[in-house]
Amino acid sequence: QAANQEPAKQTEKNTLDQIKEKGVIVAGLDDTFAPMGYRDESNKLVGFDIDMGEEMAKRLGVKIQWQPTQWDGIIMALDSKRFDIILSGMTVTEERKKSINFSVPYVGDGQIMVVKKGTTGFNTAADLKGKVVGTQAGSSGEEAVKKVEGIKEVKLYKTYPEAFTDLQIGRIPVVVCDRITASHYISKRADTYEIVGEKITDEPLAIGLRKSDPELKEAIDNVLNEMKKDGTLTKISMKWFNR
Ligand code: ARG
């Protein structure tokens, strides 16, 4: 009886269903962004985002696969479905909200200035005037310094390690980056680097999602809220940020 036959399914399954079916969620990240996601001495991927992502995936009932990607262009890569989410210390910005969605924020951060230890003359963002300033291409740091009047040159780096090397060898006098990252470099090299002044911006970090995936956003938000409530996020935060 034809009437009992299932009609051919035309609609594609939503991303959440596809992830559950495959048993894998793929996360795009810049794997040079310590201490969120980076390589340790044995080239193992470690960091706050890695621990959080593994736990989140577990609670979604799937495995997580990490897809390293250059930061500048990570939104385009999400759009072209090279991965399902961006999990890489990404700041929620108005500009980005025009093209992608964000999960609930999972950590508070902000841009700050880092100089070579002992450098004077940097107290507020206005002191960047007339200076060459290093930051990561496509970052909220780039956005923040572009708002400061009279900067001599904004030097854009593909990764923060490259910017910190240039700071160390004196090629640039100041780096603007996430406070969380700045603290990490200083904890490793307190003899070399120094944070100066107050945060230039306040920025929540969240997971980036395609606007076409509201089901996935809801599932991820639920898990993140659970992890906030039961103390899991605090535990991961203590491990990586000591706070
Ligand atoms: N939080 C800043 C931003 O969203 C810097 C992020 C850099 N992240 C990274 N994984 N490289 O732009």
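Domain bounds in this briefing come from an automatic or database domain assignment, and on that basis the protein chain has domain 1 (2–108 + 204–241) and domain 2 (111–196). The structure is a predicted model, in which local features need pLDDT of at least 70, side-chain atom pairs count only at pLDDT 80 or more, and totals for chains, interfaces and linings use all residues. Residues are numbered from 1 along each chain as its sequence is written.

**The two domains**

- The C-alpha centres of domain 1 and domain 2 lie 28 Å apart.

**The ligand**

- Counting a residue as near a molecule if its C-beta atom, placed from the backbone, lies within 6 Å of it, the residues that surround the ligand include Asp 30, Phe 33, Trp 71, Gln 136 and Asp 178.
- The shell around the ligand draws at least three residues from each of domain 1 and domain 2, and β6 gives the most to this shell, with four residues.

**The whole chain**

- The C-alpha atoms of the protein chain fill a box of roughly 85 × 35 × 30 Å, taken along the principal axes.
- Among contacts in the protein chain between residues at least 6 apart in sequence, 71% join residues at least 24 apart.

Conventions: Contact = placed C-beta atoms within 7 Å. Helix = DSSP H or I, 4+ residues; strand = E, 2+ residues; numbered from the N terminus.
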